[in-house]
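Please find below a short note in numbered points, written to be read beside the structure.

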Amino acid sequence: MNALYSLSAVIILVLFVLMGVGGLGLYSLFGVIIPYAAVVTFIAGFIYRLFKWARAPVPFHIPIVCGQQKSLPWIKANNIDSPSNTAGVIARMALEVLLFRSLFRNERVELKAGQKLVYRGNKYLWLGALAFHWSLLIILLRHASRLFTEPVSSLAVPTLYITDIIILIALTYLFVRRVIYPQIRYISLPSDYFAVLLLLGVAISGVLMRLFYKVDVVAVKELAMGVLTFHPVIPEGVGLPVYIHLFLVSTLLAYFPFSKLMHAAGIFLSPTRNLKNNSRMRRHINPWDYSVKVHTYEEWEDEFREAIKGVGLPLEKE
Amino acid sequence: MKMPEELLKIDYTLPKKSWLEPTVEFRKGTYCYSASAKCQEYLGLPNPRQWQPYEEDWKLPENWKKTILEGMKERLNKYRSFRLFLDICVRCGACADKCHFYIGSGDPKNMPVLRAELLRSVYRKNFTLAGKLFGKFAGARELTEDVVKEWFYYFYQCTECRRCSVFCPYGIDTCEITMMGRELLDLVGCNIDWVLDPAAKCYRTGNHLGVPPHAFKPAIETAVEDVETITGIRVEAPINRKGAEVLFIAPSADYFAMPHWFTLLGYLMLFHEIGLDYTWSAYASEGGNFGLFHSMELAKRLNAKIYAEAKRLGVKWILGGECGHMWRGIHQYMDTFNGPADFLEEPVSPITGTRFENAKSTKMIHICEFTADLLNNNKLKLKPSRNDQWKVTFHDSCNPARSMGLIEEPRYIIKNVCHYFYDMPENTIKERTFCCGSGAGLGADENMEMRLRGGFPRANAVKYVHEKYGVNLLACICAIDKAAFPPLLEYWVPGVEVAGVHELVGNALVMKGEKERTTDLRGEPLRAEEGKGGV
C-alpha cells in the first residue's frame with residue numbers, strides 16, 4: 001500500500017511535467033525557475049540541517065567499539081574498529097563512508113528446526129547499496145565533466161554506460177526488497193518507497209532520453225550552461241524527456257534536506273563512529289554539565305555513625 | 001513457566017495492522033513492575049505514586065503531554081546523538097534480526113529500527129516539517145497515552161546492549177534512543193522498580209543491594225574466613241583505610257550473591273599474594289550504576305561517590321572489579337560526569353611497574369587489565385590443573401566488549417589459568433556478543449519470560465560449545481551476567497555453570513604458604529591428581 005502511494009506520487013510528478021511543458025508550454029518554469037528553486041532549497045536546507053546537528057553538542061563520549069582496545073602494549077589493538085588516534089578514526093570513517101563497512105558485517109539469523117540459531121553472512125544489501133551509491137557518484141561526475149570540460153557534439157553516439165545498468169539494477173533491488181521481505185515491508189514508510197522510486201524515475205528518464213529519444217545534447221548543454229552561468233536561455237529542441245528528467249532531479253534536490261536522504265551528511269557526524277576510543281586517556285567535556293545533588297560521605301557517615309562505630313571502621317568525626 | 005520447546009514456537013509473522021497504531025499488551029512475564037512511590041520520593045523524582053503497568057489508568061500528571069514534548073525538545077538540543085539518530089535512519093533493516101529480544105520473541109517492535117520509530121514517529125509529528133505536513137505518510141503520529149504505554153513496554157524491553165549499532169551503516173545506537181526514551185518516561189513518573197529500588201538504595205547506603213557499613217564489613221570478613229578455610233592463609237581486606245595506594249571497587253553483588261562470591265574470594269587471594277596496598281570502601285561500595293538505566297542525571301549522582309571517596313582516602317588510583325555496565329559508566333562517562341581526577345595519579349602497577357597509559361585521565365583500570373599484566377610479567381605462580389574440572393567458554397559482556405574493547409585481556413587470563421578453553425562461534429562473541437537478556441535493569445523475576453527469550457541467542461551459542469566440546473562453565477566479567485545466567489542456562493542448556501574470571505584465577509593461584517588444597521573456591525573437592533598435578 002505504502003509503495004503504491006509513493007508510485008502514484010512519482011507518476012503524478014511525471015504527469016505534471018507532461019501537462020506543464022507538453023500541454024501548457026511552460027518552458028521557463030520547468031527549465032529555469034523550478035531548477036533554480038530546487039537548488040536553492042537544497043543548499044539552504046542542507047546547511048540548515050547540518051547546522052541543527054552541529055549545534056547540538058556531544059555531551060558524552062559514546063563510540064561503539066568493534067575491536068580490541070589499546071591497553072597493554074603486548075596486546076594487539078585494533079586501531080580501525082577501536083581507534084585510539086585520529087588516523088584510526090579517519091580510517092574507520094573512510095571505510096564506513098566509502099565501503100559501508102558496518103553493512104558488510106550483515107548476517108541473517110534463522111531458527112533451524114525450531115531450536116537452533118544459524119547465522120549466515122548476508123551481503124546482498126551491502127552489495128546493492130554499494131552498487132547504487134558508487135554508480136550515482138560516477139554518473140554525477142560524468143554529468144559534471146560533460147558540462148564543464150568536454151565539448152559535446154550532436155553526433156555523439158548514444159551510449160549505455162555500465163553505471164547506468166548498475167544503478168537501474170541496484171535501485172530495482174533496493175525497491176523490490178522492501179516489497180518482498182515481509183519484515184522490511186513492515187518497517188517501510190511511504191517516504192522510503194518514494195525516495196527509491198524517485199531515484200529510479202531520475203535514472204530511467206536519464207537512460208531513456210539518451211537511448212530512445214536521442215535528445216539534442218548541444219541544446220541540453222546550452223540550457224544547462226545558461227542556468228549555471230545565471231544567463232538562462234531556453235534553446236529550441238530540448239525535448240520533453242529532458243524536462244521530465246530535470247523536474248525529477250529538481251524534486252529530489254528539494255526533497256533531500258527534509259528527508260532521510262540526509263544520512264549522506266549525517267554519517268560524518270555520527271558520534272558512535274567518529275569518536276576515538278580514548279575516553280580514559282583524555283577527559284571528554286560536557287558543555288552543559290551541571291552540578292547534581294549527591295549523597296556525600298559526610299551525610300553517609302552521619303546517617304550510619306553508630307553502625308560504623310559498632311563494627312570498628314574508622315570515622316572522620318568521632 | 002512454559003517448557004523450552006513451547007517458548008521456541010516463536011511467531012515471526014507480522015501483524016496486519018501498521019506499527020503506527022499503538023498496541024501493547026502487558027502480558028505476565030514480559031514486563032517489569034513499576035517503581036514504588038517511596039523510591040521516587042527518596043530520589044526526588046517527578047510524579048511519585050502507586051501504579052502498575054497492567055492497570056488502565058497510569059495516573060499521568062495533568063500536563064504529561066507538554067512535559068514529554070518539552071523534554072524531547074530539550075534533549076534534541078542537548079544530544080547530537082539523539083537528533084541525528086532520529087533523523088538519519090533509512091530503515092534498511094540491517095538491525096532487525098540483530099536484537100536478542102527480536103530473535104527470541106518475534107515481536108516486530110523489538111526490531112531496533114521499530115523500537116526507535118516508536119519515538120521517531122512522535123518526533124516527526126512535533127518537530128519536523130515533513131511530519132507536520134504529511135502526517136502518517138511521513139511516519140508521524142500523535143503522542144497519546146497508548147504511545148506512552150508502548151514506549152514503556154519497549155524501552156524496558158531493550159537492554160541497551162548496543163549490538164544493533166555494530167551493524168548499522170550510520171552507527172545509530174538504540175541504547176541512546178532507549179536512554180532518551182526512559183528519561184522522557186521518567187519526566188511523567190513512569191519507572192520500573194528493578195531500576196529505581198537499587199538506585200535509591202545505592203544513593204543511601206553506597207551500593208545497590210542496600211548493604212549498610214555494619215553488614216558490609218561482616219560480609220568481607222566472611223570472605224576472608226572462606227579464603228582461610230580453603231587455603232589456610234588469612235588475608236587482609238582493609239576497609240575505608242586512608243593512605244592506601246589503591247582503592248578497589250567492585251559491584252556489590254560480588255560480596256552478597258552467588259556465584260559472584262567466588263570471584264570475590266579470587267580478588268582477595270590475588271591482592272594478598274601480590275601484596276597490593278589497597279582498601280575497600282563501605283561508602284563507595286558499588287561499582288555498578290543503575291542510574292545509567294534511568295537518566296544521565298541519576299547516573300552522575302550515583303557515580304559521584306567513586307572520585308569523592310578516592311579523594312577522601314588519599315589513594316593514588318582506582319582498580320575496578322568484574323562488572324559490565326559499571327565499565328560503560330567508568331570508561332565512557334565517569335571522567336565527564338565527575339572528573340577531572342587531578343588528585344589521582346596515572347595508574348602504575350606496583351608489582352610490574354607497568355604504566356596504564358590507557359587510563360591516564362580517568363585513573364581507573366579494569367581488574368582484567370591489571371591481572372593480564374601480572375600474568376604477562378610472570379608474577380603469579382599458577383596451577384591451572386586446579387581448574388581441570390572446567391571446560392570453559394567466555395561470554396563477552398556487552399559493555400566491556402562494545403564500549404571498551406576489553407576483548408583479549410579476559411581471554412588471556414583464562415587461557416593462563418585453565419587448560420580447556422573454547423570460544424563460542426564468532427557471530428556471537430566479541431563485538432557481536434549477545435546480551436544475557438537481563439541487562440539495563442530488566443533482571444526482575446516478574447520479567448522472566450522476556451529474559452529467557454532475550455537470553456536465548458546467547459544460551460543457544462553456549463549450547464553449541466556445550467554439545468561440541470563439552471563446555472560446562474561459562475566465564476564472564478559482569479555481575480548481572482552472574483545473576484542472570486544461572487537460571488537462563490538451567491532453562492536452555494542445563495549442565496553449564498557460571499563463574500567470574502577471577503574465581504578461576506583464585507583456583508589456579510598458588511599462594512605462598514598455602515596448605516594443600518582439597519577443594520576449589522566453591523568448596524567442591526578437588527580430585528587428588530588435580531590438586532597435586534603438574535602446572
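1. Chain B is divided into domain 1 (4-191) and domain 2 (200-532); the bounds come from an automatic or database domain assignment. The centres of domain 1 and domain 2 of chain B, taken over C-alpha atoms, are separated by 32 Å.

2. The model is a predicted one, in which local features need pLDDT of at least 70 and side-chain atom pairs count only at pLDDT 80 or more, while totals for chains, interfaces and linings use all residues. Residues are numbered from 1 along each chain as its sequence is written, and chains are lettered from A and ligands numbered from 1 in the order in which they are written.

3. Domain 1 of chain B gives 28 residues to the contact between the domains, and domain 2 of chain B gives 30 residues. Two residues are in contact if their C-beta atoms, placed from the backbone, lie within 7 Å. On the side of domain 1 of chain B that touches domain 2 of chain B, two or more residues come from each of several elements, including helix 1 (4-7), helix 2 (37-43) and helix 10 (174-187) of chain B. Helix 5 (100-105) of chain B is also one of these elements, and its 5 residues are the largest share of that side. Helices (H or I, at least four residues) and strands (E, at least two) are DSSP runs, numbered from the N terminus.

4. By class, that side of domain 1 of chain B has 14 nonpolar, 8 polar and 6 charged residues. Here Ala, Val, Leu, Ile, Met, Phe, Trp, Tyr, Cys and Pro count as nonpolar, Asp, Glu, Lys and Arg as charged, and the others, Gly among them, as polar.

5. Between the chains, the contact takes 89 residues from chain B and 84 residues from chain A. Helix 14 (residues 296-313) of chain B supplies 7 residues, the largest share of the side of chain B that touches chain A. That side of chain B has 43 nonpolar, 21 polar and 25 charged residues.

6. Chain B also has an open sheet of 3 strands in the order 5-6-7, with parallel pairing; two strands pair if DSSP finds at least two bridges between them. Strand 5 (392-394) and strand 7 of chain B each have a single partner strand, so one side of each is left without a neighbour in the sheet.

7. Strand 6 (residues 473-476) and strand 7 (residues 497-500) of chain B pair in the parallel sense over 4 bridges. B:Leu474 has B:Val498 as its bridge partner, and B:Cys476 has B:Gly500.
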